[in-house]
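Please read them with the structure open.

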Amino acid sequence: MEDPTEQSLWRPLHELLARMDGEIGRIYTDRAIQGLKPTYVRELLQLHLKGPMTITELADAIGRTHSALSQKVAAMRAAGLVRTVPGADARSKQVTLTAKSRKLVELLAAEWRATEEALAELEAELPYPMSQVVSDVEEALAKKSFHDRIAEKLR
């Protein structure tokens, strides 16, 4: 059997996004911020703006699954960025910012805005903006899901 992973249309996109996230991560490293990942910023800003939330509320606020957010909250807790306390019932946990992350929120908001500005600048250099690619892919997937496309190829 040949290695099917040798050929990939998908991998360059993943690698590009990982490199860009790595560049954002360097902003934190430059400022000696430990444990902060670019993938935590949206959640931290939501907690700052909306106050403590359950994992379910936070997942809903950013459009992710409870399971995915539960894992991310555990990682952010290990990094000292959030803490969890029992929620209204025994099954829920309330997520709050720590003193460490509260000190960072102004920088995180500024970094978010700067990242958006840098992306707009990058898009202006491209013949076909990334945001248009995303819109076009979403439109095509609305007509036929990615699942259906893959399942069709497996028949």
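1. The loop between α1 (11-30) and α2 (41-50) contains Ala 32. The model is predicted, and in it Ala 32 has a positive phi of about 55°, although this residue is not a glycine. Ala 32 has a relative accessibility of 58%, and it counts as exposed because the cut-off for that class is over 50%.

2. Which strands form a hairpin? β2 and β3 do, with 6 residues between them. Strand β2 covers residues 82-86, runs antiparallel to β3 and is joined to it by 5 bridges. Within this pairing, Thr 84 stands opposite Val 95 in β3.

3. Strand β3 (residues 93-97) also pairs with strand β1 (residues 53-54); these two run antiparallel and are joined by 2 bridges. Here the bridge partner of Thr 54 is Gln 94 in β3.

4. A nonpolar patch lies on the surface, formed by Trp 10, Tyr 128, Val 133, Val 137, Leu 141, Phe 146, Ile 150 and Leu 154. Together these residues have about 780 Å² of accessible area. Two elements give two or more residues to the nonpolar patch, namely α6 (130-143) and α7 (146-154).

Note on methods
Residues numbered from 1 in each chain as written. Predicted model: local features only at pLDDT ≥ 70, side-chain atom pairs only at ≥ 80, totals over all residues. Heavy atoms only, no water. Patch = residues over 30% accessible without salt bridge, like charges linked within 9 Å, V, L, I, M, F, W, Y side chains within 5 Å. Areas by Shrake-Rupley, 256 points an atom, 1.4 Å probe, with all protein chains shown as cover. Salt bridge = Lys/Arg side-chain N within 4 Å of Asp/Glu carboxyl O. Helix = DSSP H or I, 4+ residues; strand = E, 2+ residues; numbered from the N terminus. Pairing = 2+ DSSP bridges. Buried < 20%, exposed > 50% of the residue type's maximum accessible area, 1.4 Å probe, protein only.
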